[in-house]
Amino acid sequence: MKLKFKIQSYQTSAVESIVDCFAGQVNTSGITYRIDPGRGRLPFEQPGFKNADVQLTDVQLIENIRAVQRRQNLSLSDKLVASAGCKINLDVEMETGTGKTYCYIKSIFEMNKLYGWSKFIVVVPSIAIREGVYKSLEITADHFTESYGKKARFFIYNSRQLHHLESFSSDAGINVMVINIQAFNATGKDNRRIYDELDDFQSRRPIDVISSNRPIVILDEPQKMEGKKTLDALSKFKPLMILRYSATHRTTHNKIHRLDALDAYNQKLVKKIGVRGISVLLFPSVTDDEETRRKKEVRFIFSHSALREGWDNTNVFVLCMLKHSDNTISRRQEVGRGMRLSVNQNGDRMDHAATVHGINILTVVASESYKDFVANLQREISEALSTRPRKADEAYFTGKIITSETEQIEITPVMAKQIYRYLVKNDYTDDTDQVAEAYHTAKANGSLAALPPELAPHAEQIFGLIDSVFSESQLPDVGDDRKPKANPLNSNFEKKEF
């Protein structure tokens, strides 16, 4: 079965958030330089192709970043936040299961098309994620060739196969190197070869050959790569910019895109969750006699290490947690492995809006009660949404940007007061200005009170602003999968053959 990929508007939005930060950059491809021949003898002088410098000033960059942030109603940056020896650090928040790997691969092609940049390094925190990224590059190759008319050359960095670095430097097309942090951050002899002058590499250091390309560095799960040692090591790549993709950023730089847990669930981009909780388990005691032991999950126990980032399979429908859950274990991490929407036998994604959550239900068999698991899962989701505004007051709406057919409109204090009074009048907010459940219920039922006439033309975007304010009633509804389900019989039941 070959997976089929299609252009999704929410993924296109994530790509545009990256490329629009560099609006005004001149497309300059094919910047050449002389590759260091080392002390060995190369058969001929070899030209290299590196990324052109960012031509925009810091002021232009921050203006572009703020424009991207405004259209998504994100907090506005007042300066570029430097890290790992690089002044440009852009954060992209995408919930697990929504295709962040696909998005940054597409961003690679789009940045090459618009600006001519061609040298990219994807840095990952583990070998498992490294292999997953490489697989994604493989299975999306034909899809992106159809869209962009070219293929990317990609490889996994291996200190024993350094001929790939020669091609990475000398090839003028799109080149992507995938590397795990252990390859440049560990202390083992083989892993430190990237910093050593190597006889089998014309007495050159691999890190010097890599950094000469001024690569664009993409960090996959950057929250796992924030130690000082790792950041110092990343600076040695001399990155042109650093793009950071994660569902759970620990450190904020210049955030230019957000597709969080609530967005993903409400837009039906991930599976619905159902839980079967087990609050009491009786295990045999060593003091029991044989009959007592027999009467007391015990026939079989299947044990496996916890599922972590890098293990992805779309057609997972049941997860059984064969371990005790406590507050040191991330339930979001556990369920995240099964949140991707499923595909059928033809490779088509089952994402039709009318049926998506009828087909895509992830059942979690948890080693705790249903109530405890749901409470802890929703607590984790709530904590991950800390950057969302919590109050729908006048201050929140004032200055936000809404778009008409012909122009962008900034919400004035007068408009903000109208929106606020509309919410209060209809009991859509409580005494603390938090969005009430009544609002979300009315919106789901299609029974929202009409906005004032002067605001009505912008209804969709205004309601979008209200939806962006966090409220407990917005948290994903986690079904109780212990309840019996109806399984209606179809016409086959009446057939003689059946």
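Aspartate 433 is buried (under 20% relative accessible area, with a 1.4 Å probe and protein chains only; exposed is over 50%, partly exposed in between), at a relative accessible area of 15%. This is a predicted model: local features need pLDDT of at least 70, side-chain atom pairs count only at pLDDT 80 or more, and totals for chains, interfaces and linings use all residues. Residues are numbered from 1 along each chain as its sequence is written, and side-chain values use heavy atoms, without hydrogens and water.

**Loop residues with positive phi**
- Most residues other than glycine have a negative phi.
- Aspartate 433 has a positive phi, near 70 degrees.
- Aspartate 433 sits in the loop between α16 (413-425) and α17 (437-445). Helices (H or I, at least four residues) and strands (E, at least two) are DSSP runs, numbered from the N terminus.
- Asparagine 73 also has a positive phi, of about 55 degrees, and is not a glycine.
- Asparagine 73 belongs to the loop between α2 (58-71) and β3 (89-94).
- Asparagine 73 counts as buried because its relative accessibility is 19%.

**Helix α6**
- The buried residues of α6 (163-170) are His164, Leu165, Glu166, Phe168 and Ser169.
- Their cover includes β1 (31-34), β2 (47-50), β4 (119-124), β5 (153-156), β6 (175-180) and α8 (206-211).

**Strand β12**
- In β12 (361-366), five of six residues are buried.
- Strand β10 (272-277) pairs with β12 in the parallel sense, over six bridges. Pairing requires at least two DSSP bridges between two strands.
- Lysine 272 is opposite isoleucine 361 of β12.
- Strand β11 (318-320) runs parallel to β12, joined by three bridges.
- Valine 318 is opposite threonine 363 of β12.

Methods:
Contact = heavy atoms within 4.5 Å.
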